Amino acid sequence: MQVTEADIAERYGWTFDELDEQDSDRVYEAFALQNIRDSISRIKHWVGSQGQGSLSNEDMVIMKACIDADEELRKELNNA
C-alpha cells in the first residue's frame with residue numbers, strides 16, 4: 001500500500017478490518033509513512049515560522065532522525 005492509497009483509505013473512513021488483513025504489514029507501513037509525512041509537514045511549518053509555537057516530542061524525534069540522515073548523507077557525498 002502506497003501512502004496515497006492510505007490517504008484515500010483515511011479519506012473514505014475505511015477501517016483496517018475493511019482492508020486486506022493478509023497484507024497488514026503494507027497497511028501499517030503506509031499509515032506509518034503518513035504519520036512521518038505529517039510530522040515533517042509540521043516541522044517545516046515550525047521552521048518556516050521561525051520556531052513560533054511548539055513541536056511534540058514525536059515531531060522532535062522525527063526532526064532529529066532527519067538531521068542525522070542529512071549529516072550522514074553529507075559525509076557520504078564528501079567521501080565520494
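Tutor: Read along the sequence, the pattern is α-α-α, and the count is 3 helices and 0 strands. Helices here are DSSP runs of H or I with at least four residues, strands are runs of E with at least two, and both are numbered from the N terminus. Before we zoom in, keep in mind that this is a predicted model, where local features need pLDDT of at least 70 and side-chain atom pairs count only at pLDDT 80 or more, while totals for chains, interfaces and linings use all residues. Residues are numbered from 1 along each chain as its sequence is written, and side-chain values use heavy atoms, with hydrogens and water left out.

Let's look closely at the place where α2 meets α3. The axes of these two helices come within 9 Å and cross at roughly 85°. An axis is a line fitted to C-alpha atoms, for helices over the stretch in contact, and the angle runs from 0 to 180 degrees between N-to-C directions. Angles under 35 degrees count as roughly parallel, over 145 as roughly antiparallel, 65 to 115 as roughly perpendicular and the rest as oblique. That's why α2 and α3 are called roughly perpendicular to each other.

Now, who does the touching? From α2 come Ile36, Ser39, Ile40, Arg42, Ile43 and Trp46, and they meet Glu58, Asp59, Ile62, Met63 and Cys66 of α3. Contact just means heavy atoms within 4.5 Å.

Start with Ile62, which sits in helix α3. If you leave aside neighbours within four places in sequence, Ile62 is in contact with Ile36, Ser39, Ile40 and Ile43. Take Ile36 from that list: along the chain Ile36 and Ile62 are 26 residues apart, yet their C-alpha atoms are separated by 7.2 Å. Ile62 is partly exposed, with a relative accessible area of 21%. On this scale, buried means under 20% relative accessible area, exposed means over 50%, and partly exposed is in between (1.4 Å probe, protein chains only).

Hop across to Ser39, which belongs to helix α2. Ser39 is buried, at a relative accessible area of 3%. Leaving out neighbours within four places in sequence again, Ser39 touches Glu58, Asp59 and Ile62.

Arg42 forms a salt bridge with Asp59, with the closest N and O atoms 2.9 Å apart. This pair links distant parts of the chain, with Arg42 in helix α2 and Asp59 in helix α3, 17 residues apart. A salt bridge, by the way, is a side-chain nitrogen of Lys or Arg within 4 Å of a carboxyl oxygen of Asp or Glu. How exposed are the two partners? Arg42 counts as partly exposed at 43% relative accessibility, whereas Asp59 counts as buried at 3%.

The structure holds 4 salt bridges, so let's compare a couple of others with that one. Further along, the side chains of Asp68 and Lys64 meet in a salt bridge at 2.9 Å, N to O. Both of these residues lie in helix α3, 4 residues apart, which is about one turn of the helix. Asp68 is partly exposed, with 32% relative accessible area. Another salt bridge joins the side chains of Arg37 and Asp38, at 3.4 Å from N to O. Here Arg37 is partly exposed at 35%, and Asp38 is partly exposed at 33%.

Gln50 has a positive phi of about 60° although it is not a glycine. Gln50 is also exposed, with a relative accessible area of 75%.

Finally, turn to the other neighbour of α2. The axes of α1 and α2 come within 8 Å and cross at roughly 90°. Those two helices are therefore roughly perpendicular to each other as well. Among the residues making that contact are Val3 and Ala6 of α1, and Ala30, Phe31 and Arg37 of α2. Stepping back to the whole chain, 18% of the 80 residues count as buried.
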